[in-house]
Amino acid sequence: CDWKNGFGFKGVLCNDDETMIRALSLSFNELNGTFPNEVFLLTNLEKLGFMENPDLKGSLPGTLIGNLTRLTALDFFDTHFTGTMPTQIGELLSLESLQLDGTPINGTIPSEIGQLANLDSISLSGSSISGPLPSEIGRLANLESIFLDGSKISGTIPSELAKLNWLRKVVLEGTKLIGNLDPIFCREILHDNMDKLSSNCNADNLAEESSLPLVSCSCCSDCCDADGRNCEERRSDAIVPCVYGNCTYCGNRRFVGSCQECIDLTVP
């Protein structure tokens, strides 16, 4: 049952008695044509890896993908997968890594992604995913990395991400996300362990109606222009107090005096 791909790695991995397929790892194989939906009927799959097959077409069928409850890795980076990310992706409760970078997959990130308690990596760089970043991502307590650079994600960066104390890499440049990252990421528990935090926080990236930056980040390792280019290393070793003009803004709330005290601006 087992066989190796062109790089000497096992392209198909079966269980010990060779009665079930556990993994399909066929990256870098110059595959083309249409990905067969029948693969999503292999309920014992633990890994689907098809990265760097740019001529491979397909989609993530909502009626079938929920069958893969043992799947830990879903990787279609740099393929020609289209369609949307189905809500049923929230049924992949064993999933640890989701990589759809560089695909034409569009639509929004479903809120059901917050059900993936084991997820430690989300990578949607350069994809056509758009719309807001769902606040439910704040439920992913094991999340270590988020790569959204070059995607069409927009809206305010949800404050719920402040709950993710294991984050090590957050890459947001080249998106249309706005807001202040300080109360979310510039906390001592994260600052000391964060390997990379990048966003469109270049001082020249200003809102038209004011002199405030569209993205404010005192502790970002890299600050880029609005298009994600001309990035400059900015982070200092010091924890910078949360300041955004006279106060720190986070969604509908502003922190006054310190990052611990806030008032709700929605209340008259």
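**Disulfides and salt bridges, checked against cut-offs**

Reader: Why does Cys231 count as partly exposed?

Author: Cys231 has 39% relative accessibility. Buried means under 20% relative accessible area, exposed means over 50%, and partly exposed lies in between (1.4 Å probe, protein chains only). So Cys231 counts as partly exposed. This is a predicted model: local features need pLDDT of at least 70, side-chain atom pairs count only at pLDDT 80 or more, and totals for chains, interfaces and linings use all residues. Residues are numbered from 1 along each chain as its sequence is written, and side-chain values use heavy atoms, with hydrogens and water left out.

Reader: What makes Cys224 and Cys231 a disulfide?

Author: The S to S distance is 2.0 Å. A disulfide is a pair of cysteine sulfur atoms within 2.5 Å. The pair therefore qualifies. Cys224 is buried, because its relative accessible area is 0%.

Reader: How do you know the handedness of the Cys224 and Cys231 disulfide?

Author: From the torsion about its S-S bond, which is about 105°, so the disulfide is right-handed.

Reader: What makes Cys217 and Cys220 a disulfide, and are they buried or exposed?

Author: The sulfurs of Cys217 and Cys220 are 2.3 Å apart, so they pass the cut-off. Cys217 is at 12% relative accessibility, so it counts as buried. Cys220 is at 1%, so it is buried too. The torsion here is about 100°, so this disulfide is right-handed.

Reader: What does the link of Cys201 and Cys223 tie together?

Author: The S to S distance of Cys201 and Cys223 is 1.9 Å. Cys201 lies in the loop between strand 16 (196–199) and strand 17 (215–216), and Cys223 in strand 18 (residues 222–223), so the pair ties together parts that are 22 residues apart in sequence. Strands are DSSP runs (E, at least two residues), numbered from the N terminus. The link is left-handed, with -100° about the S-S bond. Both cysteines are buried. The count by this rule is three disulfides.

Reader: Why is the pair of Arg22 and Glu46 called a salt bridge?

Author: Their N to O distance is 3.3 Å. A salt bridge needs a side-chain nitrogen of Lys or Arg within 4 Å of a carboxyl oxygen of Asp or Glu, so the pair qualifies. Arg22 is at 30%, so it is partly exposed. Glu46 is at 29%, so it is partly exposed as well.

Reader: How many salt bridges does the structure hold?

Author: Two. One of them joins Asp222 to Lys196, with the closest N and O atoms 3.1 Å apart. Asp222 is in strand 18 and Lys196 in strand 16, 26 residues apart. Asp222 is at 19%, so it counts as buried. Lys196 is at 28%, so it counts as partly exposed.

Note on methods. Helix = DSSP H or I, 4+ residues; strand = E, 2+ residues; numbered from the N terminus.
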